[in-house]
Amino acid sequence: MTKDLFSPVQIGTNSLPSRVIMAPLTRMRADEDNAPTQMNANYYAQRASAGLIISEATQVSLQARGYARSPGIHSQKQIDGWKLVTNAVHAAGGKIFLQLWHAGRTSHPALQPNGDLPVAPSAIAAEGHAYTPDGRPDMVAPRALETKEIPGIVEQFLQGAKNALTAGFDGVEIHGANGYLIDEFIEDGSNKRSDYYGGSIANRTRFLLEVVEAVTSVWGRDKVGVRLSPSGENYSMSDSDRAATFSYVVNALNSFDLAYFHLMEPNQWGSQTGLDAKFFRPIFKGNLMVNGDYNREKADAVLASGDADLVSFGRTFLANPDLPKRLVLNAPLNEADSSTFYGGDEKGYTDYPTLEELKVRG
C-alpha cells in the first residue's frame, strides 16, 4: 500500500484514518486553577479531523508547572476540564493523546508552590525568560534534585498517566524534548550529576526510562509515545555528543514497543546537527513521527521514502482547524497570528475560519 499523508496507520491499538497529526502546542489558555475549560474543548474539537491530536504540554504536578495558565493533570478540577476536551474530540470523531510534562529548570519561583526554586538535575540556570502571571522575568538557577527525590518525580508522571486515563484520553505522550526536565537529565550540558542519574549516557537516560516504565504500567506500551528534540538548543540546551547520546536513548526506547517516537527535527530550534528522520530510521524499530515545518509535499516525500510513518503539524494546525481537508485540496492556508500564540481568549484560538466558513463569508 502506498504510504502518504492520507493512508491509514495503526499505532498500537489505535487505528488512525490518516498520518496527519496535530502536534502539541502550548497556548496558555487554561483557567486560574490550570484547568481546561469549554473554550479549550471547542479548540480541540475544531481540529478533530487530525489523524491524532496530541495535547499541549500538561504539567504532572504543581512543581512541574512551566507557564502561567498552562493546564495540569494533577487535580480533580483539571481532570474534569480535560473530560470536556476528550468528550468533545470523541464526539467529533477524533482521537487525542495527553502530553505529560515537567518543566524542570525552565519554571520560576513565581510559578512554584511557596515560591520555591524550580528543580533540575543540576543547579545550572537556563538562558531565557519565564512566563509568569506578572510578566517574563529571567530564568533562575534551579535547585538540584537529591537522588532520593527522583522516584517522587517519577511518581508524578505515574499519577499523571492514571489521571489521563480517568480523563478519557486515547493514550499519552511523554514530553522528553525542548529543554524541560527529562531533556535536562539526558543532555550533559545540563546534567553534571555524579550519582547514577549522571555521568554516562546510560545514567543520564535512566530517568526517562523510569518514567516510560511507570507510564506504560498504566497505559500499556502501545498507547504511549515519547517526544525528543535531539537537535534542540532552546533554553541553552547542549550536549558534548548529541549523535551518540540520542542514538543510545532512541535505541533504548525500542525495548518498550511504544506507539511511536516523536522526533523534532533540526531547523526548528536553531541547530543544524543532521539528527533527522533519516538518521534515526535505522535505529528506531517502531512508528516514527516527525515534526519540523512540514508542508504536504515535504510530508509525502518523507513518508514515501520510509524515513517516517507519521507527520505532526504545529503552527499550521493552530491556524487551520480543517488542515487535513486543506492539504487534500491543496487549498490556501490561514496565516498564524504569532501575537495570539500564548495566553488570551478566543481571538487567535477558536476564531480561525475553515474553508466552509470562508465560502459562507463570500
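Strand 12 (residues 310-313) is covered on both faces in this predicted model. Leu310 and Ser312 are buried on one side, and Val311 and Phe313 are buried on the other. In a regular strand, side chains alternate between the two faces of the sheet.

**The strands around strand 12**

Strand 12 has parallel partners in strand 3 and strand 11. Strand 3 (residues 20-22) is joined to strand 12 by 3 bridges, and isoleucine 21 is the residue opposite serine 312. Strand 11 (residues 288-291) is likewise joined to strand 12 by 3 bridges, and the two run parallel. Along this pairing, valine 290 faces valine 311, while methionine 289 has leucine 310 as its bridge partner. Between strand 11 and strand 12 the chain passes through helix 8 (residues 296-304), forming a right-handed β-α-β crossover.

Strand 11 is also covered on both faces: Leu288 and Val290 are buried on one side, and Met289 and Asn291 are buried on the other. Strand 10 pairs with strand 11 in the parallel sense over 4 bridges. In that pairing, leucine 263 stands opposite valine 290. Strands of a sheet pair through backbone hydrogen bonds, in either a parallel or an antiparallel arrangement.

**The barrel and the helices packed on it**

These pairings belong to a closed barrel of 8 strands, in the order 3-4-5-8-9-10-11-12, with parallel pairing. Neighbouring strands of the sheet are turned against each other by 25° on average, direction ignored. Helix 3 (residues 150-166) packs on the sheet and touches strand 5 (96-101) and strand 8 (171-175). The direction of helix 3 makes about 160° with that of strand 5. Helix 6 also packs on the sheet, where it touches strand 9 (224-228) and strand 10 (260-264). The direction of helix 6 makes about 175° with that of strand 9.

Helix 6 (residues 242-253) packs against helix 5 (residues 201-219) as well. Two packed helices are described by the angle between their axes and the distance between the axes. For helix 5 and helix 6, the angle is about 35° and the axes are 10 Å apart. Their crossing is right-handed. Helix 5 contributes Ile201, Ala202, Arg204, Thr205, Leu208, Leu209 and Val212 to the contact, and helix 6 contributes Ala244, Thr245, Tyr248, Val249, Ala252 and Leu253. By class, this contact has 10 nonpolar, 2 polar and 1 charged residues.

**Selected loop residues**

| Residue | Relative accessible area | Class |
|---|---|---|
| Methionine 28 | 10% | buried |
| Glutamine 112 | 8% | buried |
| Aspartate 293 | 48% | partly exposed |
| Aspartate 351 | 39% | partly exposed |

Methionine 28 lies in the loop between strand 3 and helix 1 (38-46). Its phi is positive, about 55°, although methionine 28 is not a glycine. Aspartate 293, in the loop between strand 11 and helix 8, also has a positive phi, near 55°. Most residues other than glycine have a negative phi. Methionine 28 is classed as buried because its relative accessible area of 10% falls under the 20% limit. Aspartate 293, at 48%, counts as partly exposed, since the exposed class begins over 50%.

Glutamine 112 is found in the loop between strand 5 and strand 6 (119-120). Leaving aside neighbours within four places in sequence, glutamine 112 is in contact with Leu62, Gln63, Arg65, Ser107, Leu117 and Pro118. At 8% relative accessibility, glutamine 112 counts as buried.

Aspartate 351 lies in the loop between helix 10 (323-329) and helix 11 (355-361). Aspartate 351 and proline 321 are 30 residues apart in sequence, and their C-alpha atoms are 9.4 Å apart in space. With a relative accessible area of 39%, aspartate 351 is partly exposed.

Notes. Residues are numbered from 1 along each chain as its sequence is written. This is a predicted model: local features need pLDDT of at least 70, side-chain atom pairs count only at pLDDT 80 or more; totals for chains, interfaces and linings use all residues. Side-chain values use heavy atoms; hydrogens and water are left out. Axes are lines fitted to C-alpha atoms, for helices over the stretch in contact, and angles run from 0 to 180 degrees between N-to-C directions. A crossing is left-handed if the near helix is turned anticlockwise from the far one by less than a right angle, and right-handed if clockwise. Contact means heavy atoms within 4.5 Å. Ala, Val, Leu, Ile, Met, Phe, Trp, Tyr, Cys and Pro count as nonpolar, Asp, Glu, Lys and Arg as charged, and the others, Gly among them, as polar. Buried means under 20% relative accessible area, exposed over 50%, partly exposed in between (1.4 Å probe, protein chains only). Two strands pair if DSSP finds at least two bridges between them. A crossover is right-handed if, with the strands pointing away from the viewer, the path from the first strand over the helix to the second runs clockwise.
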